[in-house]
Each structure stands twice: as C-alpha cells, then as structure tokens.
Amino acid sequence: ARSYRPAEWSPLLGEAGIAHARVFRTFLSDYASSDPVIVGAGPAGCAAAITLARGGARPVILEKAHDVGDALCGGFLSWCTIESLRALGVDPNGHAIDHLRVFSRDTFVSAPLPQAAQGLSRRVMDTALRKAATAAGAGLETGVMVRHINDLADRTDAVFLATGSMT
C-alpha cells in the first residue's frame, strides 16, 4: 500500500476540508477492500461521506454523540463555505450578512464584505449535512465512541478521521 507524504495531502482535501471524489475513488479502488468508516459526523465527516457515496462507496459515519448539538465555533459561513456546501447538495439558507462590524466599547467600524455571507447555527448546518450524507447513501451510527484505530480493524481497512476534537 502506498503511504502519502504531507505534501501529497492537498489533493485529498478541498475547500473547508471537503474531499475530492476522484482521489477517494482511486484510493478506495487501489487500497481498500471494505466499506470506508468515517469517525466524526461534523462538517468534515459528512462532506467526506457525501463525496465517497457519490463516488460509489458505501461509507459509514461513526459519531459519539446521539444528538446534534450546538458548537461554540461556527455561525458565520463565508461565500466560499456556502459554495462548498451547495456543491455537497446542502443549501444553508442562513441569515444574510453583507457587512463586518468591529466593536470597541461604544465605537465601531463597519466594512462591506466582498461577497454575501450567512449566519447559521452549527446545529442547523450539521443536521442538514447529516441528512445529505444519509440521502447520498452513507450510513450513520450515533453513540459510538472510537477510542483507538485498532477498534475498527475487524470492520474496515479504510478509516477517515474527522473528529474535530482531541477527546
């Protein structure tokens, strides 16, 4: 099996961590003999699942949480992120944002954004991404904690880590 050097990872990831289907299809057909497992059902995990499913694989997402929660990060979707989500079949449909404001005590500065952005909670976005992933053909198992890569050895030989956390 081929190992990838860090410089070769750029073809594996696109805008906002979205994987290129061509590279995944090649990887899976050349190296994997089982359905891929994705650890984490956040934006990166769901994007990988959608891309893999569109490429003909039958990915399974493993997520430790039973329910979609709100994350501290998120809320602002740039025009690049909106474009990436739409390419995955997800229309964010958030609140329009066209200006940036920076506040300091009782003063602020405002500037127009170069393109339209949106405000959207992570709960809404992650729910839409999970629905798109399962609609594309990915499996989703919640309440599954993966503590070590060896926990998956009897299940698959293609694992994608998309956990977004160190816990």
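**Strand 4 and its surroundings**

Let me begin with a pairing: strand 4 and strand 5, the latter covering residues 107-120, run antiparallel to each other and are joined over 9 bridges. Please keep in mind throughout that what we are looking at is a predicted model.

Staying with this pair, serine 104 stands opposite threonine 107 of strand 5, and histidine 95 has glycine 119 in strand 5 as its bridge partner. The hairpin that the two strands form has 2 residues between the strands, and in it arginine 105 adopts a positive phi near 55°.

How many of the 10 residues of strand 4 are buried? The count is 0, so to speak of strand 4, residues 95-104, is to speak of a strand that is hardly covered.

Stepping back to the whole protein, we find 4 helices and 7 strands, which follow one another from the N terminus as α-β-α-β-β-α-β-β-α-β-β. Of its 167 residues, 35% count as buried, and the protein exposes about 10300 Å², of which carbon and sulfur atoms supply 54%. Finally, among the contacts with a separation of 6 or more, 68% are accounted for by residues 24 or more positions apart.

Conventions
Residues are numbered from 1 along each chain as its sequence is written. This is a predicted model: local features need pLDDT of at least 70, side-chain atom pairs count only at pLDDT 80 or more; totals for chains, interfaces and linings use all residues. Side-chain values use heavy atoms; hydrogens and water are left out. Buried means under 20% relative accessible area, exposed over 50%, partly exposed in between (1.4 Å probe, protein chains only). Contact means heavy atoms within 4.5 Å. Accessible areas come from the Shrake-Rupley method with a 1.4 Å probe; for residues, only the protein chains shown count as cover. Two strands pair if DSSP finds at least two bridges between them.
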